[in-house]
Amino acid sequence: MSAAQGILLCCVILSGCSGGPPTKKVGESPLGTVALERLSSRGSTARYSGPLNSFQASHPADVQPAQAAAFLSGLQITGVEPATPGEARGTYPLYSHEEVEFLAPLIAKALSEAEPDQRVKIAVKDDGLTTDATLYVYKSILRFTLARYRTPAGRPDGKLASYGLIFRPDQAVVKADAPQSWMIIEPDHPRIAVNHEALRGLIPPSAGTAVPPPPGAAQVNAAVEQIRLEQELQSTKDLVVKQAEELQRLRDELDQLKKQQSEKAVPPAKAKPKPAPKKQQVAP
């Protein structure tokens, strides 16, 4: 091998190493991109010593578009700074209805094509800001990780550690899910695990029927609507509980106030006057 060929080979190797994990694009539109990322070739790095190829996924996975839509619609992000200063941090849907309609069929397709050493990369663009996430199936669990939330492309998300993820309704959430060892390389990324088999119970029968890809929009829309209704029901329940707690607190305060008023209304008992001392008679 000549010196020039050696230099060229080194350049190719270095460019391949610095380019990150290999990806395969599944679908793209102005709304965003869905791709497959291979993790087994990550090897070890100077920052994270040791092999990083312990990633395991149950791929290819049979997740219907309606299930993917139900999952995406149920995701909410917490800890978001409000638009108005002084307000408390809020909870908001992670994806809009339009984004769910775009992502759900592509995610279902990606999971059906994924290999055991691949995960799905999800990127959504809105007003020049990017929301990045990853998703994979392990047994019957959908494992979702948020990598960036509404941040300009090319910039790190400095607020990532302050965010949290929840799923509504929460009966599908796997609360005791232990992360795989490779996740140590992303310690600050918010994660959530959801049983995708449990999602079937949240989907109307007409939407849950297996249909070969590409799926009809009616499937996705029905799943999104069902999850929206479940979320509204849960929100109503939470509001009723909160109002009941507030009412009980007011009752306790009123009872305490009545007790204080009654104690003030009772006049203190008057002290009995002391008898005057008897005068001593002086002997003549």
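At 12% relative accessibility, Tyr149 counts as buried, a class that covers residues under 20% relative accessible area, whereas exposed means over 50% and partly exposed lies in between, with a 1.4 Å probe and protein chains only. Tyr163, also at 12% relative accessibility, counts as buried too. The structure is a predicted model, in which local features need pLDDT of at least 70 and side-chain atom pairs count only at pLDDT 80 or more, while totals for chains, interfaces and linings use all residues. Residues are numbered from 1 along each chain as its sequence is written, and side-chain values use heavy atoms, with hydrogens and water left out.

A search of the whole structure for aromatic pairs finds 4 of them, where rings of Phe, Tyr and Trp (its six-membered ring) pair if their centres lie within 6.5 Å, and where planes under 30 degrees apart count as stacked, over 60 as edge-to-face and the rest as tilted. One of these pairs joins Phe71 and Phe167, whose ring centres are 6.0 Å apart and whose planes stand at 20 degrees, so that the pair is stacked. Because Phe71 lies in helix H2 and Phe167 in strand E8, this pair ties together parts that are 96 residues apart in sequence. Helices (H or I, at least four residues) and strands (E, at least two) are DSSP runs, numbered from the N terminus. Both Phe71 and Phe167 are buried. The pair of Tyr149 and Tyr163 has ring centres 5.4 Å apart and planes at 75 degrees, and is therefore edge-to-face. Tyr149 lies in strand E7 and Tyr163 in the loop between E7 and E8, so the pair ties together parts that are 14 residues apart in sequence. Phe71 and Phe167 also belong, with Phe144, to one aromatic cluster.

The sheet that contains strand E8 is considered next. It is an open sheet formed by 3 strands in the order E4-E3-E8, with antiparallel pairing; two strands are taken to pair if DSSP finds at least two bridges between them. Strand E4 (90-93) and strand E8 (164-167) stand at the edges, each with a single partner strand, so one side of each is left without a neighbour in the sheet. Neighbouring strands of this sheet are turned against each other by 30 degrees on average, direction ignored. In general, the strands of a sheet pair through backbone hydrogen bonds, either parallel or antiparallel. Here, strand E3 (residues 75-80) is joined to E4 by 4 bridges, and the two run antiparallel. Within this pairing, Ile77 stands opposite Tyr92 in E4. Helix H2 (residues 65-74) packs on the sheet and touches E3 and E8, and its direction makes about 20 degrees with that of E3. For such angles, axes are lines fitted to C-alpha atoms, for helices over the stretch in contact, and the values run from 0 to 180 degrees between N-to-C directions, while contact means heavy atoms within 4.5 Å.

Val120 has its place in strand E5 and, at 0% relative accessibility, counts as buried. Leaving aside its neighbours within four places in sequence, Val120 is in contact with Val34, Ala35, Leu36, Ala110, Leu111, Ala133, Thr134 and Leu135. Val120 and Arg38 are 82 residues apart in sequence, and their C-alpha atoms are 9.0 Å apart in space. Thr145, in strand E7, counts as buried at 5% relative accessibility. When residues up to four places away in sequence are not counted, Thr145 touches Asp132, Ala133, Thr134, Glu186, His189, Pro190 and Arg191.

A cis peptide bond joins His59 and Pro60, with omega of about 0 degrees, and Pro60 is found in the loop between strand E2 (32-38) and H2. The peptide bond from Arg168 to Pro169 is likewise cis, with omega near -5 degrees, and Pro169 is found in the loop between E8 and strand E9 (191-195). Asp127, a residue other than glycine, has a positive phi near 55 degrees and lies in the loop between strand E5 (118-126) and strand E6 (129-138). With a relative accessible area of 70%, Asp127 is exposed. Arg150, also a residue other than glycine, has a positive phi near 45 degrees, but its place is in strand E7 (residues 141-152). At 34% relative accessibility, Arg150 counts as partly exposed.
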